Amino acid sequence: MKVFAIAKNTFKEAVRNRILYLLLIFAILMIGSSRILALLTISAHERVIKDIGLFGINFFGVLIAILVGIGLVYHEIDKKTIYTIISKPIHRYQFILGKYFGLLITVYVNLIIMTLFFFIMVFVLGIGFHISLLYAIIYTALELAIVTALAIVFSSFSNPTMAAIYTLIMFIIGRMNEDILRFAQYLAREADRMIQAGQQVPPFNKFLQGFTNVICRVLPNLGLYNIRAEVIHTPDKVMISWEPLFYAFTYSTFLLLIAIFIFQRRNFK
Amino acid sequence: MMRKVLFIILVIIFFSTSFLLQNRILKGVKLDIPYIDSLYLPKGDIVKPLVLDYDMFAADFFWLRTIQAFGGHWTGDRVYANFDRMFDVIISLDPYFEEAYLFGTLVLGDEARDKERTYKLFNRGIANYLDNRLEKMKDALINEDPMTALKTVQKLIDEKYLPEMQVLDLPYKIPYYAGYMAYFNFSETESALTYYQIAIRCKDVPDWVFRHIPWLQERMGEYIIALDKWRRDYNQAVEDKDELIMSVADEKIKLTTNNYYLKLFRDDIKSFKEKYGRFPNKLEELAEKKYLPFIPPEPYGMGYLYFPKTGVVIDKKNAERDMIVYLNYIKNKINAYKKQNNKYPDALNQILGKNEVIDEPYQNEWVYDNKTGKIYSTTAPYIVF
């Protein structure tokens, strides 16, 4: 109940943020502009409209999660409103959870608005609607749950500028997770080649192999939620798998636990 | 109040100054028309990780920019130097961007006339759609140079490495356009045949693509294989009661048979001349001297025309068609001369332009009557214009 009350207040506070509207307007303009951009292409009109629509929803969803999320906890401390909250019988974990769910609701409301606009465009332009488009947006929603949790973690111990930088870096790493794995596999192949050639594998190679293998498992894998290519090329084969769903839940929970851990140790005296 | 007025005045002053300044700057600017634009990009493999999984959007972005760049060059210098890199980036970002392959090869093949870069793009397109069960073929298409890759693929097809069935998850248009480009733009029948053989194994291939194979085989001199395939098509059409395909296959059988017989005649007449130092007096002499077991009947039922002086043999149907075209052209020129000079030309060379020669297509002669303006050929003297 207390979590809900904080979430509700966070949502109210977030919707007053002008950045939110600015981003939403940009997102809608971008999705709308896909019709004009489609005029510039040679065939592939439908594809351009769908691609730009899905990109706009994802990109601006991420921007909203980061730019609105980074200041949520910091502003409470900066404006000293945190004292009125923690002096009440509210656990700090409830505060973090409330902030997270409040931000997530804000992000999802925006996601729904962008999606509705996109679907209206799809219908008006007579592009065949396929359920896979909805799947792509569900996957975006799952990705945003992780990005929102990241923003909350960094917001719990740093100022908005630093939190924005950290979250952005984690987002970029999350999107490049597959490349880290590719690098680890390349190192493994190189090591195999050396062994077959009777050479000794340098210790640094072994260390780097282990390190990259661990890193790509520890850091968020946001590439998991990119099914946009499949939605465009093989929509009938797109299905929602339980793994990304469960991963979003477990990884967000893990991040929230870290945020709670940090926040509980903060001294507000 | 004064402050507000002052503020508005300042806004107006600064805006109008910058507007006038911009107007002055733009007057001095002379943009080249058309606007020639190119993208200088790193390799696709480098661009891919940099777009942070927004690969579809990035592919679209580069696609639109490439179309724009093409438009500029097409209406300008028509030089397409780094377009292969642009398409490399697009298909690295989205390996299944079918339109990019088709348009890319149109730019590189039709416009730039660059065979190697065209085949390379087609080969990459085909390879991207192949699954790992066809690793050998995939490997050849990606790693070997385009021409060698095609030979390797043809070898794999001959070795039945590729399934005979339509099982490839590859849009048929990619290998089909490749075949089209190879035959019509680069006059490479063998490469075209290899591409068409891939096309007929695609899941979405329409029936008519199959007919390109015997058509090409005939052009490669493989008449018997081509005939066999046309016969199979005909039989299938009879079974399906498809009258259109029946008539197409029937026509193709006649055409292929005719071309095959004409080739036999030409080869045997050549051998005859080498042995006897003269051309046969009549076609039947080829059978008499055992060059042929018998003189085959002309498939259209119109017979052959043979000219012992030149050793040329043609079928009447094609000869008549050609004669009509040629005679029409010459007659128009004769009429134009008559209208201008009020008399028929004394000889045919009077109606021809500088460096223009109208040879009789079958090494025979035009017979022209300058009194009546009538003309015919000794190939088909019964067609008089």
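Visitor: So two strands pair if DSSP finds at least two bridges between them. In which sense do S3 and S4 of chain B pair, and over how many bridges?

Guide: Strand S3 (residues 366–369) and strand S4 (residues 374–377) of chain B are antiparallel, with four bridges. Helices (H or I, at least four residues) and strands (E, at least two) are DSSP runs, numbered from the N terminus. Before we go on, this is a predicted model: local features need pLDDT of at least 70 and side-chain atom pairs count only at pLDDT 80 or more, while totals for chains, interfaces and linings use all residues. Residues are numbered from 1 along each chain as its sequence is written, and chains are lettered from A and ligands numbered from 1 in the order in which they are written.

Visitor: Good to know. Which residue of S4(B) is the bridge partner of Val367(B)?

Guide: That is Tyr376(B). Four residues lie between the two strands of this hairpin, and Gly373(B) has a positive phi near 80° there.

Visitor: Where in chain B does Asp53(B) sit, and is it buried or exposed?

Guide: Asp53(B) is in the loop between H2 and H3 of chain B. It has a positive phi of about 70° without being a glycine. Asp53(B) counts as buried because 25 other C-beta atoms lie within 10 Å. The cut-offs are 20 or more other C-beta atoms within 10 Å for buried, 12 or fewer for exposed, and partly exposed in between, with C-beta atoms placed from the backbone.

Visitor: And Arg113(B), buried or exposed?

Guide: Exposed, because Arg113(B) has 12 C-beta neighbours inside 10 Å. You'll find it in the loop between H5 and H6 of chain B, with a positive phi near 55°.

Visitor: Let's switch to the chain contacts. How many residues of chain B are in contact with chain A?

Guide: There are 15 from chain B, facing 21 residues of chain A. Contact here means that the C-beta atoms, placed from the backbone, lie within 7 Å.

Visitor: Which elements of chain B give two or more residues to that side?

Guide: Helix H3 (55–74) and helix H5 (98–111) of chain B do. H3(B) gives the most, seven residues.

Visitor: What do the buried residues of H3(B) pack against?

Guide: In chain A, helix H3 (45–69) and helix H11 (228–233); in chain B, helix H2 (44–50), helix H4 (83–93) and H5. Among the buried residues of H3(B) are Phe57(B), Phe62(B), Trp63(B) and Phe70(B).

Visitor: What span should H3(B) have, and how far apart are its ends?

Guide: At 1.5 Å a residue, its 20 residues should span 28 Å, and the end C-alpha atoms are 27 Å apart, which agrees. The expected span is 1.5 Å times one less than the number of residues.

Visitor: Which domains does the assignment give for chain B?

Guide: Domain 1 (44–239), domain 2 (252–316) and domain 3 (318–377); such bounds come from an automatic or database domain assignment. Domains 2 and 3 of chain B have their C-alpha centres 29 Å apart. Seven residues of domain 2 of chain B contact six of domain 3 of chain B. On the domain 2 side, strand S1 (304–307) and strand S2 (312–315) of chain B each give two or more residues, and S2(B) gives the most, with three.

Visitor: Last one: how many helices and strands are in chain A and in chain B?

Guide: Chain A has 12 helices and zero strands, while chain B has 16 helices and four strands. The share of residues that count as buried is 39% of 269 in chain A and 29% of 385 in chain B. The radius of gyration of chain B is 31 Å, but a compact globule of 385 residues would have one near 21 Å. That radius is taken over C-alpha atoms, and the globule rule is 2.2 Å times the number of residues to the power 0.38.

Terms used:
Contact = placed C-beta atoms within 7 Å.
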